[in-house]
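Me: I'd like to learn how to read salt bridges in a model like this one. Could you walk me through it?

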Amino acid sequence: MGQTARTGRHRKVVPWGVLALWAIVIAVAGSFAGGLADVQRDRTADYLPSGAGSTQVAGLQEQLPGGEVTSVLLVYHRDGGLTAADRDTAGRQIAAVTVPAGTTDTGPAKSPALLAASKDPRDFGATLRGPGVPSADGTTLMYAVSTAAPGTDDTAKKAFVKDVRAHARGADGLTVQVGGDGAVEADAKEVFGSIDGTLMLATGLVVALLLILTYRSPVLWLVPLLVVGAAAVCARAAVYGLASGFGITVTSQSAGIMTVLVFGAGTDYALLLVARYRDELRRTPHPYDAMRTALRGCGPAVLASCGTVVAGLACLLAADLNNIRGLGPVAAVGVLCALIAMMTLLPAVLVLLGRRVFWPLIPAYGSEPKRRRGPNVFAAMGSSAGRRPVAVLVTGVVLLGALALGVLNLPGALKREDSFTSKPESIAAMGTLATAFPDRSSRPIEVMAPTGAADRILAAARSVEGVASAERGRSGGGWTEIAVTAESAPESAAETAAIGRLRAELDGAHVGGASARQLDLAATNSHDRLIVIPLVLAAVLLVLVLLLRSLVAPLLLVAAVVLVWGAALGIGGLVFGPVFGFSGVDPGLPLLTFVFLVALGVDYGIFLMHRTREETRGGAEPAQAALTALRTTGAVIASAGIVLAATFAVLASLPLVMFVEMGTVVAVGVILDTFLVRTYLVTSASVLLGRRVWWPGRPSGTPTPVAGPELALVGDRR
């Protein structure tokens, strides 16, 4: 009697205690979560490899008088040729946005905050870098303007570009565009600044819709959504703490990806737990006891799946690229917060709400689940794999291999001016310059030389093949800035060769600038792939070996997801250029998509193989165990895969090519993994291998009765 009373108290006290604890956690986390935007850094150096020459240049420029320079190009263009009135207009507008050359007293220095509120670009102390440069055909006139007043303050930089655009306007056939690195950077930051809110809203709406379709309940869908929202708040607060206390790099890119992972992984864990809990409610009279059984049943697989994701993301710490290295802990914290919330807060809320949360499909104690109309889809898939395992396996591998050949059609490296899905003004200006000055670079190559050797390095730079001009810039801290102009268009093969010669011949100097940064990014991404990919494979394999106590099964699962990654990239090669019209691929795409698809894709293999192992331990023959595992877990895995693919597909709605490419590849890979690899390839391979799939161990021991989650596919009828 005493034991019964204690159990009854636990059923009431524990859920309320967990809920109260989470209320405190959310209240505290909410006060810090909003600070994440304040510690996000999107400086040039934050997206560069730590040891590259271009990174050294960016760091040294910040130490020069005035700090980091913001440079823009004002482009005046008329199709039929510029008139005298057009040139007068350009002169007046240039005078309105710059202070006279040699001016030393421009009034008291203003803080970045005051500059951001200014409406007069002359408050920034912008100066004209040389006279206007006319094009050979007389249609275009280019002016270079720069200022160091904003320093590294992103808000002030954007304000400067906005003010210049407000004062530089065309009329009557004269077009005026503001381009250059400063304008491109301002336009990019405008996009990045909207990522957090856009992603949070769009991802939440997508997850809500899928949960409504999955559960067909007016209440149940809201519970996982609110819990994953709480996890997102805690993740933002935790990352804010890491950035403030340990100085990890948090960019808008990593913060956005973390949001997607929290919603995607958290919802997946919720689907698995709710499915198992619903089945246990039919066998257990009390929701508290049913939840305990559900947690014991699916907990190990969920913990292992989270472990693979965290282990894979942790491997990004070995990357040399600053933003990629920072993404590892940021994304890992997000996934861990999602796991903790779904394993503690979600169970507590579900227990307190009781069976009525499932209305109108309430799982009454002692009831049987309603049978679906028609055959079980996954039973039919399993039967085909079981009858002809060799044919199914060979066909699937050949299909994925053929899709992977599309990698050969991937476009080259993504140029900076091609990084937007639609052309902002800065990119349109660069296009105008490329047409008007086909043999001249509109983007300076920035050289930092020791001040004592500046004259020697300046003379050497002017003599380098492919260099049109070189001019001495600011000096300070023992370094002097030299602006080099190449004879060729930005990011062309000829300019690339010129940068290489500058780096080889300018002894003691660092060579940077936008074009040099692109070269360093491509080289570093290639290096990081060679380091990180083997680490990810080793880490994921280790987790799988510890979970499944086998070598063959983990190798099978990892080989499958690697094949999916190749096929997904191949599909990208078939659509990025011909369908989407993209002219390049972000250099970090292969590495990031590999980490996400391998770490996340293995999750579904864990759920399937964990159930197969339990069926085998229960006495089923290996072939029958594999088919039963597919029949009983196929629906929940499919629903989880659809949710995860949809959350990554949200990235494709953002106006940056890198996000569209990443979202497309990961979403396609997850769908391939869910509906082809798990259902056909892994099942047919398990049937063929039999007990050898568990070598060198064997699935022996006390049979454990495990009730498979029976979760309806989106759109199915119960």
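Reply: Happy to! One definition to begin with: helices here are DSSP runs of H or I with at least four residues, numbered from the N terminus. Keep in mind that this is a predicted model. As for the general idea, side chains of opposite charge can pair when their charged atoms come close.

Me: How many salt bridges does a search of the whole structure find?

Reply: The search turns up 10 salt bridges. One of them links Glu280 with Arg276, with 3.6 Å between the closest N and O atoms.

Me: How are Glu280 and Arg276 placed in helix α10?

Reply: They sit four residues apart in helix α10 (residues 252-281), so about one helical turn separates them. Glu280 and Arg276 are both buried.

Me: Which parts does the pair Asp455 and Arg472 tie together?

Reply: Asp455 and Arg472 form a salt bridge through their side chains, at 2.5 Å from N to O. Asp455 belongs to helix α16 (residues 454-463) and Arg472 to strand β7 (residues 467-476), so the pair ties together parts 17 residues apart in sequence. Asp455 is exposed, at 55% relative accessible area, while Arg472 is partly exposed at 41%.

Me: Which residues do salt bridges with shared partners join into one network?

Reply: Arg165, Asp187 and Glu425 are joined that way.

Notes:
Residues numbered from 1 in each chain as written. Predicted model: local features only at pLDDT ≥ 70, side-chain atom pairs only at ≥ 80, totals over all residues. Heavy atoms only, no water. Salt bridge = Lys/Arg side-chain N within 4 Å of Asp/Glu carboxyl O. Helix = DSSP H or I, 4+ residues; strand = E, 2+ residues; numbered from the N terminus. Buried < 20%, exposed > 50% of the residue type's maximum accessible area, 1.4 Å probe, protein only.
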